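Please look at the structure before reading on.

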Amino acid sequence: MSKISLCYVVKNYIASLHQGDEKKISKFDVFCQIITPLIIAVVIIINADKLHGSLDEALQRLLTWVSITSSLIFAVVVMIYQLRMQLISQKDIKHEGNELRVIDEIFYCTLWAVVAGFTSAAFIVVKPLVATYSTLIGNLFAGLAIAFSLNLVLVTCMTIKRIGITYEVISKHWSKKEEH
């Protein structure tokens with residue numbers, strides 16, 4: 001695998017699109033997080049000429065939001081990595097159930113959110129350059145930028161939900177151990 005290949009991140013993000021303890025990838029999650037943003041991208045590409053001025057303005061604002069959000073989420077990636085390393089090193093805590101698996105899934109979803117944000121930003125930055133040669137490809141880049149941004153929002157929401165549920169489960173489980 002190349003040093004800059006993100007296939008591993010993509011594979012682990014897609015593998016995390018399941019319901020609860022099921023291993024099977026959820027078609028609903030794939031539809032919501034991947035297909036829906038792509039459908040919206042197609043609609044934007046088709047209607048880009050009608051949206052031209054407002055689309056460019058929206059993309060500039062989106063670039064600011066995506067850049068800040070992706071950077072902040074990257075800080076969360078570092079914290080999740082540190083948590084995982086800390087949990088491995090603590091011998092006094094017995095890991096039962098799926099605690100480490102869920103933390104790993106949160107890690108890869110958060111990593112994917114950063115990748116989606118940076119990809120969106122790249123499409124936004126390159127779009128004006130490409131649009132001077134081909135309006136269609138410029139519109140395609142605009143649609144893909146918005147699709148990746150929507151995916152970033154959806155993945156972030158999913159990750160926040162998982163962090164909340166994981167916190168609840170682990171705090172209840174480990175606080176019961178402390179009482180005994």
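A disulfide is a pair of cysteine sulfur atoms within 2.5 Å. By that criterion, a search of the whole structure finds zero disulfides. For Cys-109, the nearest cysteine sulfur is that of Cys-157, 12 Å away. For Cys-157, the nearest cysteine sulfur belongs to Cys-32, and this one is 12 Å away.

The model is predicted: local features need pLDDT of at least 70, side-chain atom pairs count only at pLDDT 80 or more, and totals for chains, interfaces and linings use all residues. Residues are numbered from 1 along each chain as its sequence is written, and side-chain values use heavy atoms, with hydrogens and water left out.

Rings of Phe, Tyr and Trp (its six-membered ring) pair if their centres lie within 6.5 Å; planes under 30 degrees apart count as stacked, over 60 as edge-to-face and the rest as tilted. Seven aromatic pairs are counted by this rule. The centres of the Tyr-8 and Tyr-108 rings are 5.6 Å apart and their planes stand at 80°, so the pair is edge-to-face. Because Tyr-8 lies in helix α1 (residues 7-15) and Tyr-108 in helix α3 (residues 99-131), the pair ties together parts that are 100 residues apart in sequence. Helices here are DSSP runs (H or I, at least four residues), numbered from the N terminus.

Relative accessible area under 20% is called buried, over 50% exposed, and in between partly exposed (1.4 Å probe, protein chains only).

| Residue | Relative accessibility | Class |
|---|---|---|
| Tyr-8 | 40% | partly exposed |
| Tyr-108 | 16% | buried |
| Cys-109 | 1% | buried |
| Cys-157 | 47% | partly exposed |

Definitions and conventions. Helices (H or I, at least four residues) and strands (E, at least two) are DSSP runs, numbered from the N terminus.
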